[in-house]
Amino acid sequence: IQSEYKYDDKFIVQNLVLNKLFETVQDPYFGNFISEESIANITWNLENEFKTINEVECQKAIGSFRGLQWKIWFSMKYPIPFGPWKLFGAPGLIFEASTLDKKVTYLLQSIKSGNMIIDDTLPKYKLMTLENLVKFMDENSDVINDASRNYERRYFRTYSSNRKYNK
């Protein structure tokens with residue numbers, strides 16, 4: 001899955017047995033974390049509209065997740081509930097996803113099968129629930145210049161850029 005955001009060593013793992021989602025978060029100021037959260041139950045409203053993506057017939061669905069309306073194109077040829085980022089629960093593999101305003105778009109580039117290998121550097125990451133990670137970064141973000149960070153712009157409140165910070 002390709003998106004406009006690129007992160008080194010970023011991954012998201014969906015554990016269906018635990019109904020949990022784990023995402024790596026690398027922050028140059030606070031270190032490396034793995035956020036843990038429950039897999040969201042997104043209600044996808046299926047529409048009777050179809051299109052072909054990479055020679056695979058896909059069906060359109062609309063759903064809401066974290067305050068945004070999403071349009072997805074999924075295929076029943078691959079009847080698994082996975083998709084990009086944290087978009088989950090469609091009746092088939094999501095081939096394309098975008099917010100209705102098209103500010104965020106994902107397009108499936110390839111499908112590979114095999115075993116996922118997580119290397120032994122993982123213990124360097126601190127495990128936190130997403131709620132606690134957001135709280136931790138929010139409470140401590142005044143010690144850095146927000147203009148130099150991209151991550152919290154997606155999840156945290158905006159801070160004044162004219163603050164002065166001491167090293």
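I started with the largest nonpolar core, which has 14 residues; Trp44, Trp70, Ile72, Leu87, Ile94 and Ala97 touch the most other members. Strand 5, strand 6 and strand 7 (93–99) each supply at least two residues of this core. Strand 6 gives the most, with three residues. I note that the model is predicted.

I then looked for a further core. There is a second, separate one of seven residues, and Ile53, Cys58, Trp73 and Leu108 are among them. The general rule I keep in mind is that nonpolar side chains tend to be buried together in soluble globular proteins.

Next I picked Trp70. What does Trp70 touch, leaving out residues up to four places away in sequence? I listed Trp44, Ala61, Ile62, Gly63, Phe65, Trp85, Leu87, Ala97, Ser98, Thr99, Val104 and Tyr106.

Five strands form an open sheet in the order 4-5-6-7-8, and the pairing is antiparallel. Strand 4 (45–53) and strand 8 (105–107) are the edge strands, each pairing on one side only.

Strand 5 (residues 56–65) and strand 6 (residues 68–75) run antiparallel and are joined by seven bridges. Which residue of strand 6 stands opposite Ala61? I found Ile72 there.

**Helix 1**

I moved to helix 1 (residues 130–140). Leu130, Leu133, Met137 and Asp138 are buried there. Why do they sit on the same side of helix 1? Because they cover an arc of only 125 degrees around the axis. The background is that an α-helix has 3.6 residues a turn, so residues three or four places apart point the same way.

I checked the other face too. Turned away from the buried side, helix 1 carries the exposed residues Glu131 and Glu139. I also asked what covers the buried residues of helix 1. The cover includes strand 2 (20–27), strand 3 (31–38) and strand 9 (126–129).

**Whole chain**

The protein has nine strands and two helices. From the N terminus on, the elements run β-β-β-β-β-β-β-β-β-α-α. Of its 167 residues, 38% count as buried. The accessible surface comes to about 10,900 Å², and 49% of that belongs to carbon and sulfur atoms. Among contacts with a separation of 6 or more, 40% come from residues 24 or more positions apart.

Conventions: Residues numbered from 1 in each chain as written. Predicted model: local features only at pLDDT ≥ 70, side-chain atom pairs only at ≥ 80, totals over all residues. Heavy atoms only, no water. Pairing = 2+ DSSP bridges. Helix = DSSP H or I, 4+ residues; strand = E, 2+ residues; numbered from the N terminus. Core = buried A, V, L, I, M, F, W, Y, C linked by side-chain atoms within 4.5 Å. Buried < 20%, exposed > 50% of the residue type's maximum accessible area, 1.4 Å probe, protein only. Contact = heavy atoms within 4.5 Å. Areas by Shrake-Rupley, 256 points an atom, 1.4 Å probe, with all protein chains shown as cover. Arc of directions from axis to C-beta.
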